[in-house]
Amino acid sequence: MWSAAAARTVTPLPAASPLQQHQQRRGAWARVGNGRAASTTAARAGLWDFVGGDLVKPDMGRWLDDVEKHKSLAIYPPHEGGYEGRYLSRLSYQGYYFLDLSARGLGDPETTLTKIHPVCPPSLGRQPVARWYFPPEVDYRLSLLHPDAKGLVVWVMEAKVLSKAELQFLAILPDIRPKVRVIAECGNWRKFVWKPLKQIAGLEPDPDAEE
Amino acid sequence: FRDRVYRFVMVFFPLFLQPIIMNWMRLRWFKRKFVETYLQFMFTYLFFPGMMLWAPFVNFRKFPRDPTMKYPWSKPKEGTPLFKDRYPPIETYK
């Protein structure tokens, strides 16, 4: 029985819809007794969806061109991470410097990045409630850049938690500060893809929009 | 003649058998039982150089919850389940 189960052949294409996938799985398990092969419906995923990995896609030139052209990008790295590091390294070789921010706890992006903003540290026990004022995150780092630096990349992690208005501000931030580029990690995908952040935030028409 | 056959086996087995083995592991990873796990480990050990050859060119990550989504910014269809099960459905155990 186990050798029959091991020898069963299934086509590599996944099911076209979750319902069919569910039925197919139940059917496959119901047919454990007899040695017949489970049939699979033809699906959308082709062989090209399984080509990928580390060495297949030399797209660094397109990445650098898109960063220069669009100035604010939404990226979708794989879930386990690691791929954004090679794209970050390429920007570092170009002469960019980085401001890494987490979107959680960012507060108001406009105030935090471009204005003097208050921060209230937690009061531990018998302490007066303090209120500290910090310089603007982007403008302070821009003032510290040396003159030959190419620019400042604001790398926003976990940007999937931001609302559309906050993403819109991040998309227009390079228009306010010309030496700033914005990279926002807006989600995850099974390969590394990116898109102009203005199209994600709704400031430009999206050519890939469906229906 | 025997040397020629052995040379053929040495060259072509890692190149052509390894995608079949990796796809078998992709399909059965959360469904396999003891004997099948044993066989998968056995083939991994035997064809490990081919696995290292093929690994940088293969992408076996999971598909999204709605398999018809073309982009990460697409909207899933209406009846898509909220979480994707990794294991076989639970009602088959009842």
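I took helices (H or I, at least four residues) and strands (E, at least two) as DSSP runs, numbered from the N terminus. The model is predicted: I required pLDDT of at least 70 for local features and 80 or more for side-chain atom pairs, while totals for chains, interfaces and linings use all residues. Residues are numbered from 1 along each chain as its sequence is written, chains are lettered from A and ligands numbered from 1 in the order in which they are written, and side-chain values use heavy atoms, with hydrogens and water left out.

**Chain B**

I looked up the span 37-57 of chain B and found 81% helix and 0% strand, with its end C-alpha atoms 24 Å apart. The unreviewed UniProt entry annotates residues 6-25 and 37-57 of chain B as "transmembrane region"; such annotations may be inferred rather than shown by experiment.

**Sheet of chain A**

I noted an open sheet of five strands with mixed pairing, in the order β2-β5-β6-β1-β7 (chain A); strands pair if DSSP finds at least two bridges between them. Its edge strands are β2 (96-102) and β7 (193-196) of chain A. I then followed β1 (residues 72-76) of chain A, which pairs in the parallel sense with β6 (residues 180-185) of chain A over four bridges. Within β6(A), V182(A) is the bridge partner of S72(A).

**Cores**

I next examined the largest nonpolar core, which has 30 residues; V154(A), V156(A), C186(A) and L197(A) touch the most other members. A core here is a set of buried Ala, Val, Leu, Ile, Met, Phe, Trp, Tyr and Cys residues joined through side-chain atoms within 4.5 Å; buried means under 20% relative accessible area, exposed over 50%, and partly exposed in between (1.4 Å probe, protein chains only). Helix α7(A) gives the most to this core, with five residues. I also recorded a second, separate core of 15 residues, which includes W63(A), Y83(A), W155(A) and W194(A).

**Aromatic pairs**

I found 13 aromatic pairs over all chains. Rings of Phe, Tyr and Trp (its six-membered ring) pair if their centres lie within 6.5 Å; planes under 30 degrees apart count as stacked, over 60 as edge-to-face and the rest as tilted. Y87(A) and W194(A) are edge-to-face, at 5.9 Å centre to centre and 65° between the planes. Y87(A) lies in helix α4 (residues 83-94) of chain A and W194(A) in strand β7 of chain A, so the pair ties together parts 107 residues apart in sequence. Both Y87(A) and W194(A) are buried. Ring pairs link W63(A), Y87(A), F192(A) and W194(A) into a cluster.
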